[in-house]
Amino acid sequence: MHILVLGGTTEARRLAESLVAADGFRVTSSLAGRVARPKLPPGEVRVGGFGGAEGMAEWLRAHHVDAVIDATHPFAGTISFNAASAAVAVHVPLLALRRPGWVPVEGDRWHITDSLAGAAELLPDLGSRVFLTTGRMGLAAFAALDTLWFLMRSVDAPDAPHPARMEILLDRGPFSLEGERELIRRHRVDVLVTKDSGGDATAPKLTAAREAGIPVVVVGRPPVPPGVPVAGTPEEAVAWLRGLVGPGPRTADAPEAELVPIPPGPPSGPPSGPGAARRRQSSG
């Protein structure tokens, strides 16, 4: 089977490693090319966009792809909907691989919003020294907040527009709890902004913020395209590819705690409408 794995996430690399080591799979990983020096997964790798849903459908046909795993970042919404449309057009099975999101625990002071613009609106009432960990894309949403100071962390340097009073920290996770504590202490951070990316690599900042008693603005995830089944781990994705049925990945429209069998077939229809259930786990 020729498997197209979309994304350069940790889960995408782990899935590629598992499939390359297994019998019967040919793996091509597709990276967006937004990071200057990405960690390359094993197997074949392509870099760059497809030219929208139609371009992806043409690529799937031309390269005889048997199944697509959308293992992109939980906030890479456009590519997910393009993948859903392309999979329907070519009649290729599609699975979304999404790490479980974070949930607040006792002591957290979370303020949840659905966009970066919403996060920017909340900040003036929450603090004046902001630890911004939403990545280098979308900084324009905070550019007008010239009375606030920002510590912005990302893998690559950002482009303008961005806040005028900003210190840039170039770094790549995973991050340690002690390191996050030190950043908050040294820079006198009094509010944290993050996306609900989930996983363990960047979760220590939430613990450090809880210990420091500072508020956290959390940007919620966009929905998975309706009808696309969802796996929470690379192991679930491999099981889906092997055609197993029984308790496993969730569909995007299933209730919060329901586990449903996943048939090895394409999505039931084109992406439309809001909303998708997300399985959550504690950040620890």
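Buried means under 20% relative accessible area, exposed over 50%, and partly exposed in between, with a 1.4 Å probe and protein chains only. The model is predicted: local features need pLDDT of at least 70, side-chain atom pairs count only at pLDDT 80 or more, and totals for chains, interfaces and linings use all residues. Residues are numbered from 1 along each chain as its sequence is written, and side-chain values use heavy atoms, with hydrogens and water left out.

**Exercise 1**

Classify Arg 14 and Glu 235 by accessibility, and describe how they pair.

Step 1. Arg 14 has 35% relative accessibility and therefore counts as partly exposed. Glu 235, at 47%, is also partly exposed.

Step 2. A salt bridge is a side-chain nitrogen of Lys or Arg within 4 Å of a carboxyl oxygen of Asp or Glu. Glu 235 and Arg 14 form one, with their closest N and O atoms 3.0 Å apart.

Step 3. Helices here are DSSP runs of H or I with at least four residues, strands are runs of E with at least two, and both are numbered from the N terminus.

Step 4. By this rule the salt bridges number 11. Side chains of opposite charge can pair when their charged atoms come close.

**Exercise 2**

Find which parts of the chain the salt bridge between Asp 70 and Arg 98 ties together, and state whether each residue is buried or exposed.

Step 1. The N to O distance between the two side chains is 2.9 Å.

Step 2. Asp 70 belongs to strand E4 (residues 67-70), while Arg 98 sits in the loop between strand E5 (94-97) and strand E6 (101-103), so the bridge ties together parts that are 28 residues apart in sequence.

Step 3. Asp 70 is buried, at 3% relative accessible area. Arg 98, at 8%, counts as buried too.

**Exercise 3**

Describe the salt bridge of Glu 180 with Arg 153, then list the contacts of Phe 175.

Step 1. Glu 180 and Arg 153 meet through their side chains at 2.8 Å, N to O. Glu 180 lies in helix H5 (residues 177-186) and Arg 153 in strand E9 (residues 149-154), so parts 27 residues apart in sequence are tied together.

Step 2. Glu 180 is buried at 2% relative accessibility, and Arg 153 is buried at 6%.

Step 3. Phe 175 is in the loop between strand E10 (166-170) and H5, and is buried with a relative accessible area of 13%.

Step 4. Contact means heavy atoms within 4.5 Å. Leaving aside neighbours within four places in sequence, Phe 175 touches Arg 153, Glu 180, Ala 201, Thr 202 and Pro 204.

**Exercise 4**

Locate Asp 196 and state which backbone atom its side chain reaches.

Step 1. Asp 196 is in the loop between strand E11 (191-195) and helix H6 (204-212).

Step 2. Its relative accessibility is 2%, so Asp 196 counts as buried.

Step 3. The side chain of Asp 196 reaches the backbone nitrogen of Trp 102 at 2.9 Å.

Key:
A polar contact is a pair of N or O atoms within 3.5 Å; within protein, one must be able to donate a hydrogen and the other to accept it, and residues adjacent in sequence count only if both atoms are side-chain atoms.
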